[in-house]
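Here is my note on the model, as numbered points.

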Amino acid sequence: MGVTDVVTPVRLEDLVAALAAATPQTRLLAGGTDLVRSIRTPGSEPDTIIDLTGLAEFAYVRLDGGTLRVGATTTFTALQWDPLVREHALCLGLAAAQVGSVQIRNAGTIGGNIANASPCADGATALTALGAEVTTIDGAGTARTRPLGEILLGPSRTSLAHDEAITEFSFPALGPEHRSAFAKIGSRTAVSVARLSAALVVRFDAAAGTLDDVRVSLGAVGGAAFRASRLEESLTRLPADEATAQLFAEGCVAAVQESIPGRYSLPYKQHAAVGLAYDAWNMLALSPPCEPAWA
Ligand SMILES: Cc1cc2nc3c(=O)[nH]c(=O)nc-3n(C[C@H](O)[C@H](O)[C@H](O)COP(=O)(O)OP(=O)(O)OC[C@H]3O[C@@H](n4cnc5c(N)ncnc54)[C@H](O)[C@@H]3O)c2cc1C
């Protein structure tokens, strides 16, 4: 086993200097809940660990005009309880609240969740529905902002360079007429990674009694969280009633089927998608609680 250097930047300039010296074997450490396990594999030891825990300036939630900004080292516990998240991005707070255990939520960060690029990452499902962009900094001190979908390439694969760190996530803050929800199904009720997750955002036009700005993101099905665009379009301008809840559930089933045709987990996930869809729908509280007709 080789020797690993650890550097702990405390200011942005120090981070840039550390990134400038990074090699493909260098790893960033945030909460360590994914990284520590992965570097125990023989042959995976990093030459250097860049420890982000000294960068207090990267842990924040801020409302900047109509944009919500979330620093990369913000923990799930902070997201779960943050009043701005609750008001303007509830699905992200709900996702954070369902990550692992209290200990994992206290240490695990939203930046690590995305950079780790697990298809099951709860933060990715919520941020995809919110239309998040990701800002990074590299070893030359260059900041770049790109859509989350350009960062997440597939299981454990991102477009992040070895000398690039995520600094922030940003997305349009949801307004008072928006509702959002997050639901997941795991193999047990606690400390369970998602076998299927969904985030739902809608704007409710109270005068017309209909939905618009519908956004549906599915996770843990396929390589990375994705938006079910056809389903979103089919729900736009429909009333917020039981028939629409059923269409939503049917659309989730169809999206799962299209995403993993022939996969051994398809029958389970199609079935699970129905319950998941109704859970998410009922969280919006736009209609009396609905259940599948056959439940
Ligand atoms: C028991 C257990 C239960 C879990 N349950 C869940 C769950 O329910 N839902 C879920 O989504 N996840 C779960 N996880 C996975 C994990 O907790 C999350 O993915 C967490 O968000 C990782 O964040 P971290 O800060 O610990 O990242 P780290 O482990 O520190 O890093 C993870 C990866 O991201 C890179 N990285 C970290 N920060 C940055 C950055 N700012 N820029 C670029 N790269 C960076 C690291 O180099 C590493 O490759 C669980 C893990 C455990 C051990």
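1. Polar contacts here are pairs of N or O atoms within 3.5 Å. A ligand oxygen sits 2.8 Å from a polar backbone atom of Gly-32. A ligand oxygen also lies 2.7 Å from a side-chain N or O atom of Thr-109. A ligand nitrogen is 2.8 Å from a polar backbone atom of Ile-166. The protein buries 87% of the 990 Å² that the ligand exposes when taken alone (Shrake-Rupley, 1.4 Å probe).

2. Helix α12 covers residues 266-284 (helices are DSSP runs of H or I, at least four residues, numbered from the N terminus). Its 19 residues should span 27 Å at 1.5 Å a residue, and the end C-alpha atoms are 27 Å apart, so the two agree. The expected span is 1.5 Å times one less than the number of residues.

3. α12 has a kink of about 25° centred on Ala-273. The bend is the angle between axes fitted to the seven residues ending there and the seven starting there. Just after α12, Ala-285 has a positive phi of about 55°.

4. Buried residues of α12 include Ala-273, Val-274, Tyr-278 and Trp-281 (under 20% relative accessible area, 1.4 Å probe, protein chains only). Their cover includes β11 (178-186), β12 (194-205), β13 (210-219) and α11 (242-259), by contact of heavy atoms within 4.5 Å. Strands are DSSP runs of E, at least two residues.

5. Residues are numbered from 1 along each chain as its sequence is written, and side-chain values use heavy atoms, without hydrogens or water. The model is predicted: local features need pLDDT of at least 70, side-chain atom pairs count only at pLDDT 80 or more, and totals for chains, interfaces and linings use all residues.

Notes: Buried means under 20% relative accessible area, exposed over 50%, partly exposed in between (1.4 Å probe, protein chains only). A polar contact is a pair of N or O atoms within 3.5 Å; within protein, one must be able to donate a hydrogen and the other to accept it, and residues adjacent in sequence count only if both atoms are side-chain atoms.
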